[in-house]
Amino acid sequence: MNGPDHYEHFVVPQGTKKVSYETDPKIINVVLFTIKREDHTIGNILCMQLHKDPNVLFAGYKLPHPLSIKSLLELVVINPFSTTTLSATNYKLYMMKNLPTETYIHGE
């Protein structure tokens, strides 16, 4: 088969960072995150949470190739020196993780 082994979809090789980022040298407000061993699920969740932040102008993700197991998340913010956007998103995701399952099912 041409695809990678199934365990490679989840296991990050030792010595490899799960998340890395780089800034765009031409535009100061743009950050590109590379999230290894993740697919549409994490990309969509992060984008939906980031869109709720008024400091975010654009948040989008893509998978570069079906056989490459990584997501690329592009983030454009109003204030490039503010860390509140990522801190608030991190807190919201933490709170979502701790909600009971019934909240997701019934929408309460």
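Biologist: In what order do the elements of the chain run from the N terminus on?

Modeller: The order is β-β-α-β-β-α-α, which comes to 3 helices and 4 strands. Helices (H or I, at least four residues) and strands (E, at least two) are DSSP runs, numbered from the N terminus. This is a predicted model, where local features need pLDDT of at least 70 and side-chain atom pairs count only at pLDDT 80 or more, while totals for chains, interfaces and linings use all residues. Residues are numbered from 1 along each chain as its sequence is written, and side-chain values use heavy atoms, with hydrogens and water left out.

Biologist: Thanks! What order do the strands take in the sheet?

Modeller: The sheet is open, with the order 1-2-4-3 and antiparallel pairing. Two strands pair if DSSP finds at least two bridges between them. Strand 1 (19-23) and strand 3 (56-62) are the edge strands, each pairing on one side only.

Biologist: And how many bridges join strand 2 and strand 4?

Modeller: Strand 2 (residues 30-36) and strand 4 (residues 70-77) pair over 7 bridges, in the antiparallel sense. Phe33 stands opposite Leu73 in strand 4.

Biologist: Nice. Which strands does helix 1 lie across?

Modeller: Helix 1 (residues 40-51) lies across strand 2, strand 3 and strand 4, and runs at about 175 degrees to strand 3. Axes here are lines fitted to C-alpha atoms, for helices over the stretch in contact (heavy atoms within 4.5 Å), and angles run from 0 to 180 degrees between N-to-C directions.

Biologist: Switching topic: how many salt bridges does the structure hold?

Modeller: The structure holds 1 salt bridge (a side-chain nitrogen of Lys or Arg within 4 Å of a carboxyl oxygen of Asp or Glu). Lys18 forms a salt bridge with Glu38, and the closest N and O atoms are 2.9 Å apart. Lys18 lies in the segment before strand 1 and Glu38 in the loop between strand 2 and helix 1, so the pair ties together parts that are 20 residues apart in sequence.

Biologist: How much of the chain counts as buried, then?

Modeller: Of the 108 residues of the chain, 25% count as buried.

Notes. Buried means under 20% relative accessible area, exposed over 50%, partly exposed in between (1.4 Å probe, protein chains only).
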